[in-house]
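Please consult the sequence and the model while reading.

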Amino acid sequence: MTQKFPRLFLVLLAFLFVLNLVQSYFTGIIYDEAYYWYYVQNMAWGYFDHPPMVAFLIKVGGLLFDGELGVRFMSSVLSAGTYLILWLLVDHPKKKDYVVHFFLLVFSFTLMNAYGFLTLPDTPLLFFTALFLWLYKRFLKEPSAWTTILLGLTMAALMYSKYHAVLVILFVFLSNIKLITNKKAWVAVVLALLCYMPHFVWLYQNDFVSITFHLYERPNQAYSFEGFTLGYFLNLIIIIGLLFYWVYAAFFKFRATDTFSKALIFLVYGIIIFFFISSFNRRVQAQWAIVISIPMAVIAFTYLLENPKGRKWMFRIGMVSAILLFYARVWLIYRPLFPMIFETHGNKEWVAELTEKAGGIPVIFENSYRRASMYEFYSRIPAFSLNNYMYRKNQYSIDDSEERVRGKKVLYVSQYRKTGDINYMHLDSTVFYGNFIEDFQSYRKLECIVTKAQSGIKHSLKVYNPYAFDIPLEKLKYTISYSNEHKQVKEMLPLKVQNLYPKTSFLKTKDTLYYEFELPLPKMQNPGYFRIGISENGLLPGLNGKPIKMTE
């Protein structure tokens, strides 16, 4: 092994691995990690926001360790694996003389550094992107049966990590169109699709909820050059960190010498251009383009080996970057180092305070899957996010968590109330209020399906009850919310519906009721969409219908 990996490389990798384990143990969980930990409580082949790889990693780590380390253990393992593969991807006779330079370079990639211990969908995405490129490189040289099989399995793992994986596979394919006539390449693709079939089935069984939300239902906002396009280019700098000038300079000077290096170029340009175009439609988050870190690290290290002047400056800036990132890592644990609050700070404290004031009963958080999952992670007491018309759907909308709190005494916490039975404070001095409810009942899974009338002004409304019990109609009130063209809710009104079967007093289990209604006149001008909601037992109306375009 030392022939491929110098002793110094293995020593530094071991140090980094231990560093990430220590960081994992002492750093408080962040909200997204808590949410993905919540996934694990009900293992499935898919989840509302993402494919299941992130849940699988947390499940494996949880079998070995408790708490934060259990959530993050596999991220530390995959991070070490990513460093190993990146080293193998560089073919250069002088690389063994610059091991420290390699670690400084890769460690300086800001988000890749963070995902060295944080467990998010991008963590396995980075590892399997690196593995995919390494196997593709081997496939180009010698497409053996084992390489073909491993390539197919890795493509499946990529897609199980995050939906963005399809871009990685697509742009590598576009760099080598001749693969379309390669039988072994097709074997790898078919194997990947077969392995991915359980997730396809899950999507079908759940009405393609993930795809529908990400493509059609996610709220947006009006285009802003500063916030969207300029913000995207700033994110491209943030991904790389302080070395961004030298890394991008290395990339723009890089020239393809073979099919594999061409794939690296296509992957970087493809991702950057794809999300540049996307930036004219929506705000692009920094991590969406994170996969460019893998080919950019390979290209930048190759450039570093061949250019002494660039190598000197990259080493100096890499040292500064490493010191700052070490400082930031300590600050994630010990807040007084920097006068700024982050997600890793103060969560144990507010959860402990709320647990004591709630008296150990379940807690309902209004419109906050983040606080619900964080609370349950640290308290191990059932929590639920009750999503209403002002928010969006999430995993709590499609799983069975509603049944864990049905009929029980709960504490209902809202960030919008100014009074309540109890209150508690977050580290940023935000005060939240909660009220006790003796017998909590909600019906957020009732489905409202609207059909616009072919003639006239009346619409048809079907209401389906997926629950295993009947629901009294007297407990239900219908509402309509109007939103702008970006699906931002601006107005909510009561909705008068006409029951086509007026003698019915219950919406029976697994049954459908039929109504007619007319759209009430909104105060807002030119609404873009409307959505039907149901208010049950005095709660704010839910997200029972889909957004419907007004012009349809």
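This is a predicted model: local features need pLDDT of at least 70, side-chain atom pairs count only at pLDDT 80 or more; totals for chains, interfaces and linings use all residues.

Residues are numbered from 1 along each chain as its sequence is written, and side-chain values use heavy atoms, with hydrogens and water left out.

**Terms**

- On a 1 Å grid over the protein atoms alone, a cavity is a set of points where a 1.4 Å probe fits but cannot get out, whereas a pocket is an open set with protein on both sides within 12 Å along at least five of seven lines; lining residues have an atom within 4 Å of a point.
- Grid points are joined across faces, edges and corners, and a volume is the space filled by probe spheres set on the points.
- Helices (H or I, at least four residues) and strands (E, at least two) are DSSP runs, numbered from the N terminus.
- Ala, Val, Leu, Ile, Met, Phe, Trp, Tyr, Cys and Pro count as nonpolar; Asp, Glu, Lys and Arg count as charged; the others, Gly among them, count as polar.

**Cavities**

- The whole structure contains two cavities of 30 Å³ or more.
- The largest cavity holds about 70 Å³ of space, and its lining includes Leu78, Ser79, Thr82 and Tyr83.
- Helix 4 contributes the most to this lining, with four residues.
- The lining of the largest cavity comprises five nonpolar, four polar and no charged residues.
- The second largest cavity has a volume of about 30 Å³, and among its lining residues are Leu16, Asn20, Ser79, Tyr83 and Arg329.
- Four nonpolar, four polar and one charged residues make up the lining of the second largest cavity.

**The second largest pocket**

- The second largest pocket has a volume of about 1,000 Å³.
- Its lining consists of 41 residues, and Asp207, Lys393, Ser397, Ile398 and Glu447 lie nearest its centre.
- Elements that each supply at least two residues of this lining include helix 10 (183-205) and strand 14 (529-536).
- By class, the lining has 19 nonpolar, eleven polar and eleven charged residues.

**Ala80 in helix 4**

- Ala80 belongs to helix 4 and touches Leu13 and Phe17, not counting residues up to four places away in sequence (contact means heavy atoms within 4.5 Å).
- Ala80 and Val247 are 167 residues apart in sequence and 21 Å apart in space, C-alpha to C-alpha.
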